[in-house]
Amino acid sequence: MFRRKTGRETMDMCSGPLTGKILRFALPLILTGVLQLLYNAADIVVVGQFSGKEALAAVGATSALINLIVNLFMGLSVGASVAVARAWGAKDEKGVHQAVHTAVLVAGVCGLFLTVIGVSFARIFLNWMGTPDDVIEGATLYMQIYFAGMPFNLMYNFCAAILRGAGDSKRPLYILTFSGLINVGLNLIFVLGFGMSVDGVALATIASQAVSAFLVLRRLMRADSSIRLDLRKLKIDKRQFAAIVRVGLPAGLQSSLFAISNVLIQSAINSFGSVTMAGHTAAGNLEGFAFTAMSSMQQADMTFTSQNMGAQKPERVKKILWICLGLVCCISTAIGLGLYFLGPVLLSIYNSDPAVIAMGMIHLKNKCLFHFALGTNEVCVGHLRGIGCSMPSMLISLAFICGLRVAWVYTVFAVWPTLECLFISYPVSWVLGTAGQLICYFAVRKRYLKTEAAAA
């Protein structure tokens, strides 16, 4: 008998009204993302206010590079969430069990691999990006410590993806709230108490990640449903591994493609000096609050779509897309306008230098008013992954987002080498990417809704 119950945190996604349930599922995801950004912001604020703009720039110089290296493997957690959601919607207890144990083992192996890569090649990668001499020492140290904790990072994200695939978006929020408070406390202790700099905030980060990994593993091991984890039964199931890779590998590649273009843009920003880098770091962290709402709607669409595909309810699948598109347009527009008008005040929290604030506002003014295009792109991507069409979505991102930004840097930006010109490449790529994803959806939806639902 299929054991669906996991507590009050789990909802039934395959019956009843959709809009309210999508919002109730997405809200904890949004809060989780906001908390993650607040804790990341705490790292940036602490080093920016108490260690100077060079330390702030050092932390910022690593973000695009870390995303480039990590995103491919984080994409596999997306595949794990879809695999669990499909089996859960189909009431396939054995499939859920196999997907859970495969995903946890994959997380452990990939985490160790990333630690070796990140610690060994951090300085080489940063040199390739043209990181300035006054920043590179701190950036290398931060990146090496950060990657030392990568097994904890991946384990939390994979296990949280498992819980979300089963309809539980609240437990990851509770866990992150607790571990994040530890992160903030350790930031203050290491930097203010012990006089550390980027090394202090990096150590605080991996300590909090270790706590979150432990707590989410314990939750899975104590679950009273099909997602219960038994460490003695960790094993790669070929069918579930293939399902994880089929969705997760294109998702990871797609995220890495974004990161490749961002690394190139970060390299261009580095050429303007540490003040511009610091402003970009602060603005990018602020903009992340808008992006996390859009990413949460993407996850909500993907999970609801996956479960209903497993339950073979294609009519509900069609409704999910339009509901999520409407919600994400409203949310992204409101947040974008808020960042646009409150930008100077919010940027001053990170660093009070007027030059840093001015550089940050160039970033915000050229991107925030177009967040609705980014939001619709994210939801379309999540929906295509949920119906099983991950590879075409990745190829569209390659052409319209990554490819366009790379071409922009070497053509338009080469002719007009200003920050404004550089940041305009983002909204242009978002609009074209959204158009491509929608065209793809209408071209493939009939085939996927029939064949994928029938195979579930």
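Analyst: Please note that this is a predicted model. We may begin with a residue in a loop.

User: Why is Gln312 called partly exposed?

Analyst: The relative accessible area of Gln312 is 45%. Buried requires under 20% and exposed requires over 50%, so Gln312 falls in between and counts as partly exposed.

User: Where is Gln312 found, and what is its phi?

Analyst: Gln312 lies in the loop that links helix H9 (274-310) with helix H10 (314-350). Its phi is positive, about 55°, although Gln312 is not a glycine.

User: What makes Lys91 count as exposed?

Analyst: Lys91 has a relative accessibility of 53%. The cut-off for exposed is over 50%, therefore Lys91 counts as exposed. Its place is the loop between helix H2 (53-89) and helix H3 (93-128). Lys91 also has a positive phi, of about 60°, without being a glycine.

User: Which residues have the most contacts inside the largest nonpolar core, and how many residues does that core have?

Analyst: The largest nonpolar core has 126 residues, and Ile22, Met143, Phe147, Leu154, Ile227 and Ile387 have the most contacts inside it. H2 supplies the largest share of this core, with 13 residues.

User: Which residues does Ile22 touch?

Analyst: Leaving aside residues up to four places away in sequence, Ile22 touches Met297, Ala300, Phe304, Ile320, Ile323, Cys324 and Leu327. A second, separate core has five residues, among them Val78, Val82, Val247 and Met302.

Key. Residues numbered from 1 in each chain as written. Predicted model: local features only at pLDDT ≥ 70, side-chain atom pairs only at ≥ 80, totals over all residues. Heavy atoms only, no water. Helix = DSSP H or I, 4+ residues; strand = E, 2+ residues; numbered from the N terminus. Buried < 20%, exposed > 50% of the residue type's maximum accessible area, 1.4 Å probe, protein only. Core = buried A, V, L, I, M, F, W, Y, C linked by side-chain atoms within 4.5 Å. Contact = heavy atoms within 4.5 Å.
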